[in-house]
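Subject: Structure handover and findings

Dear colleague,

Please find below the structure that I am passing on to you. My notes on one of its helices and on its salt bridges follow it.

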Amino acid sequence: MAGTRKPVVEVRRSQRRRRTVSAYRDGERVVVLIPDQFSRAEESEWVDRMLARLAAREGRLARSDAELLARATRLIKLYLAEHGTQAVPTSVRWVTNQNGRWGSCTPDDGTIRLSHRVRDMPDWVIDYVLMHELAHLIVPSHNARFWALVARYPKTERARGYLEGVAAASGTPPPD
């Protein structure tokens, strides 16, 4: 991408490290930790790979409210088009005050809020949480009609499993 410059990279070799490679940002510098026995070619390959991983992670963390609304619009077109304006939210935004749920919807005013905890999850999980909240604009309760709408999203079961796993790993009961 034009205008994007490669960050300063510091490679730290460790005799104790055998197979794992990790990287983190330290101010403007990226520190890449590699095993001491890696060749220069392996070092170069892993530096590039870790820079790509950091960029992808930072891209997920920088997700905006506008991008969230665009995702919602795409999901509506794909799975809820026949519901017209009823499925269109007035706003969709990230919030930091929802620690006990993944998202929420207020059907009366058409607002959808997603927890910041979902922000760095895979796209297909974010899409599921959005689909869940969009379905609430049409059916406020968790009845059979609601779940039939949510099930239109093809990765529903996979995403629910992912979220249940996250909840279990954190020791909190899963929402819903």
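In these notes, a residue is buried under 20% relative accessible area, exposed over 50% and partly exposed in between, with a 1.4 Å probe and protein chains only. Helices (H or I, at least four residues) and strands (E, at least two) are DSSP runs, numbered from the N terminus. The model is predicted, so local features need pLDDT of at least 70 and side-chain atom pairs count only at pLDDT 80 or more, while totals for chains, interfaces and linings use all residues. Residues are numbered from 1 along each chain as its sequence is written, and side-chain values use heavy atoms, with hydrogens and water left out.

Helix 5

Helix 5 comprises 15 residues, 156–170. From first C-alpha to last it reaches 21 Å, close to the 21 Å expected at 1.5 Å a residue (1.5 Å times one less than the number of residues). Its buried residues are T156, A159, L163 and A167. They lie on the same side of helix 5, because they cover an arc of only 75° around the axis (taken from the directions from the helix axis to the C-beta atoms). These buried residues pack against helix 3 (123–138) and helix 4 (144–150), where contact means heavy atoms within 4.5 Å. The face turned away from the buried side carries the exposed residues E157, A168 and A169. After helix 5 comes G171, with a positive phi near 75°.

Salt bridges

A salt bridge is counted when a side-chain nitrogen of Lys or Arg lies within 4 Å of a carboxyl oxygen of Asp or Glu. By this rule there are eleven.

One of them joins D123 to R63, with the closest N and O atoms 2.2 Å apart. D123 lies in helix 3 and R63 in the loop between helix 1 (40–61) and helix 2 (65–79), so the pair ties together parts 60 residues apart in sequence. D123 is partly exposed, at 36% relative accessible area, whereas R63 is buried, at 7%.

D127 and R71 form another, at 2.6 Å between the closest N and O atoms. This pair links helix 3, which holds D127, with helix 2, which holds R71, across 56 residues. Both residues, D127 and R71, are buried. R63, E67, R71, R74, D123 and D127 are linked in a network of salt bridges.

R152 also forms a salt bridge with E82, the closest N and O atoms being 2.4 Å apart. R152 is partly exposed, at 35% relative accessible area, and E82 is exposed, at 52%.

Yours sincerely
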